[in-house]
Amino acid sequence: MSFFKKLKEKITGTNETVTEKFKDGLTKTRESFTSKVNDLVSRFRVVDEEFFEELEEVLLQADVGFDTVMELIDLLKDEVKRKNIKDTTGMQTLISEKLVEIYNAGEEVSNELNIEEGRLNVILMVGVNGVGKTTTIGKMASRLQKEGKTVMLAAGDTFRAGAIDQLVVWGERTGVEVVRQAEGSDPAAVIFDAVKAAKKRNVDVLICDTAGRLQNKVNLMNELEKVHRIIGREIEGAPHEVLLALDATTGQNALIQAQTFNEATNVTGIVLTKLDGTAKGGIVLAIRSKLDIPVKFVGLGEGIDDLQPFDPEKYVYGLFADGLEMEDEDEEDEEGTEEDK
Amino acid sequence: MAFEGLAERLQGTLNKITGKGKINEADVKEMMREVRFALIEADVNLKVVKEFVKTVSERSVGQDVMKSLTPGQQVVKIVKDELTNLMGGEQNPIQFARKSPTVIMMVGLQGAGKTTTTGKLATVLRKKHNKKPLLVAADIYRPAAIQQLETLGKQITVPVFSMGTDQSPVEIARRAMEEAEREHNDVVIIDTAGRLHVDEVLMQELKDIRELTKPDEVFLVVDAMTGQDAVNVAKNFNETIGITGVILTKLDGDTRGGAALSIRSVTEKPIKFVGMGEKMDALEPFHPERMASRILGMGDVMSLIEKAQENVDEEKAKELEQKLRTQSFTLEDFLDQMQQVKKMGPLDEILKMMPGANKIKGLDNAKVDESQMGRVEAVIYSMTRAERENPDIINASRKKRIAVGSGTSIQEVNRLLKQFEEMKKMVKQMTSMQQKGKKKGKMPGFDSFFK
């Protein structure tokens with residue numbers, strides 16, 4: 001059975017609607033990235049140096065980043081040599097296989113949120129300006145609530161005009177309490193209050209918003225470190241999750257963002273936002289292989305339910321879905337002859 | 001600073017070739033390979049990279065370069081020229097309508113910074129162009145977007161027109177135009193909701209607003225950290241609604257700024273402003289030539305001079321110069337000077353504008369510590385007037401008092417006094433040198449205070 005069929009069965013067997021969401025959300029990505037790969041495969045009947053060069057360009061255009069592209073191309077070249085592949089048919093499968101491989105190459109880390117029953121779980125949301133931290137918090141609150149957890153939000157972005165109101169609106173939508181202070185107050189103080197309030201009211205999850213900050217602003221990064229420290233002082237082992245929100249349209253700078261925020265706050269996971277609009281998000285590959293930080297959620301739209309847990313296999317499947325289904329049909333005809341990969 | 005990584009790599013590559021007396025095609029090819037990597041790593045669009053590399057290569061292997069006496073420098077010049085071209089050549093000012101009001105529409109993806117930029121733009125228009133802007137809150141989708149604009153409006157005391165979230169953005173725009181007429185606002189800036197360039201319904205809404213208000217400028221606001229997709233976004237917005245210019249935001253981050261290099265060449269629309277910070281006055285006109293020279297480490301003296309002119313009091317500067325010449329420069333003057341420099345913006349940004357500053361050892365990653373500046377200030381503030389005028393009278397017990405008063409230590413007080421003495425000595429040398437050449441170097445050794 002082909003890698004894809006396995007993948008597809010594994011995924012569709014579990015949850016059809018979520019996979020559909022991935023497929024829909026990734027339409028744009030698929031159109032540009034996948035059709036390019038498909039186009040490449042059909043144009044080149046033979047796997048040669050030129051084929052790899054063009055593939056390299058397609059990958060670079062998906063923001064995968066230079067080093068990771070080189071790594072992938074080397075892997076592919078080895079594989080092609082080893083299996084003595086001359087023909088380009090089936091290259092899509094090979095490419096996606098290697099993509100997943102690269103993604104999974106790092107340490108085994110869980111994609112699940114570290115949330116335990118019977119304690120106050122604190123999630124700290126960090127990131128640069130305009131990546132969608134507050135929106136993600138709104139969606140996440142709704143998600144957790146649906147799972148039967150009591151949630152509280154802390155309006156820690158006291159800097160940007162209107163940020164507190166934005167979180168309050170999300171609070172109203174989801175029926176979740178928001179701890180807030182006036183604009184311009186000390187974010188550490190807001191978070192401190194929120195932790196106290198969350199303890200008193202026995203909530204399951206406290207999600208803390210913070211102001212967007214560019215990672216090269218030393219003072220602001222120090223402020224974030226302080227917020228992180230204060231949460232840890234109030235509750236041992238907290239924050240249990242530090243989620244870095246990354247805009248999927250961001251280029252190579254995302255890697256630097258992940259590095260710097262990781263140094264300041266020990267990032268435990270990434271939320272890749274706005275993936276529905278972009279042609280790529282290829283940078284997650286680089287981040288995963290260089291920093292060992294897993295992507296835990298992806299934002300696939302503006303609706304309250306458009307935050308989905310990330311699954312690398314689903315992601316790759318979403319990328320290649322159409323091309324694969326075609327390939328699948330072909331395969332079914334020659335099922336008997338196709339050997340297991 | 002933005003472009004830093006790109007600058008570093010390009011400079012490294014170009015340094016190898018600058019001094020060469022002879023260049024052959026292989027040299028150029030080798031260099032261009034590295035230039036290509038550098039540009040891709042900086043998120044410059046792949047197609048743009050290819051074109052750029054091709055043009056530069058062709059020009060570099062041309063006869064006049066190869067035969068010139070300094071072919072290396074010629075190549076560097078070509079790279080600079082082409083970089084400038086890529087970013088649009090001349091600085092492109094904002095277009096005002098012949099008949100008021102001028103209408104400006106802000107469009108872009110979510111989170112690019114439209115609302116913040118709207119506030120900044122209003123500040124620029126009022127301060128530099130003497131306009132009376134009206135801001136229009138037409139983002140009815142994102143929670144609290146209207147409050148955000150209203151808060152900004154209050155901060156900068158510019159009126160904001162809003163009708164809540166129940167009216168359609170088109171209707172809001174229409175009523176805002178009437179309001180502007182009534183209140184005699186000569187500029188109307190419409191803040192629209194962030195949207196994906198693939199969202200047809202929302203794009204139609206923009207078209208309708210455009211149709212109705214006939215804007216003189218449609219600014220596409222783009223996050224400078226955007227990757228390869230930046231050109232698709234720009235192309236799409238341009239084709240569907242037609243933009244007149246681009247504003248790049250968050251350029252104060254450490255992005256390599258590939259978007260800045262790609263968008264212009266793909267859309268043929270100029271970058272008009274760049275966002276350089278979180279404060280409301282941190283919006284600057286974009287100068288392609290200056291940016292190119294910053295990328296190549298040639299400094300940006302023009303911007304530095306402009307900044308100085310804007311923020312430095314000329315009278316005071318003259319007075320200071322006089323004092324420097326007559327050796328009557330005191331700690332009081334030093335404090336003054338320091339505050340003027342501070343007004344010009346973050347110190348490390350300023351240092352980066354100086355030609356050759358990137359070659360000063362350790363400066364590239366020296367985070368100039370602004371709080372250190374605060375400590376120096378505190379020490380001087382804790383001195384009496386007499387002490388500031390004549391630091392020689394500061395004895396041990398005075399030092400102790402100053403240290404306690406400023407919350408520093410005696411060592412710090414000592415260090416400041418010593419550095420001040422040294423600076424005076426250096427000034428003395430400089431001024432005697434300058435009697436011949438009449439160029440003034442204002443504060444030699446100034447930066448040594450903050451390391």
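Reader: Before anything else, what counts as a right-handed crossing?
Author: A crossing is right-handed if the near helix is turned clockwise from the far one by less than a right angle. In this predicted model, H2(B) passes H3(B) in that right-handed way.

Reader: At what angle do the axes of H2 and H3 of chain B cross?
Author: Roughly 155 degrees, and the axes come within 10 Å. H2 of chain B covers residues 25-41 and H3 of chain B covers residues 46-60. Angles over 145 degrees count as roughly antiparallel, so H2(B) is roughly antiparallel to H3(B).

Reader: Which residues make the contact?
Author: From H2(B), they include Val28(B), Met32(B) and Leu39(B); from H3(B), they include Val49(B), Phe52(B) and Val56(B). The contact residues divide into ten nonpolar, two polar and one charged.

Reader: Switching to chain A. How do the axes of H7 and H8 cross?
Author: At roughly 20 degrees, coming within 9 Å. Angles under 35 degrees count as roughly parallel, so H7(A) is roughly parallel to H8(A). H7(A) also passes H8(A) in a right-handed crossing.

Reader: And what is that contact made of?
Author: Among the residues are Ile137(A) and Ala141(A) of H7(A), with Leu167(A) and Trp170(A) of H8(A).

Reader: How many residues are in the largest nonpolar core?
Author: It has 174 residues, and Leu153(A), Ile207(A) and Val136(B) are among those with the most contacts inside it.

Reader: What does Val136(B) touch?
Author: Leaving aside residues up to four places away in sequence, its contacts include Phe161(B), Ile172(B), Val188(B) and Asp191(B). A second, separate core has nine residues, including Val376(B) and Ile402(B).

Terms used: Residues numbered from 1 in each chain as written. Chains lettered and ligands numbered in written order. Predicted model: local features only at pLDDT ≥ 70, side-chain atom pairs only at ≥ 80, totals over all residues. Core = buried A, V, L, I, M, F, W, Y, C linked by C-beta atoms within 7 Å. Buried ≥ 20, exposed ≤ 12 C-beta atoms within 10 Å, placed from the backbone. Contact = placed C-beta atoms within 7 Å. Axes fitted to C-alpha atoms, helices over the stretch in contact; angles between N-to-C directions. Helix = DSSP H or I, 4+ residues; strand = E, 2+ residues; numbered from the N terminus. Parallel < 35°, antiparallel > 145°, perpendicular 65-115°, else oblique. Nonpolar A, V, L, I, M, F, W, Y, C, P; charged D, E, K, R; others polar.
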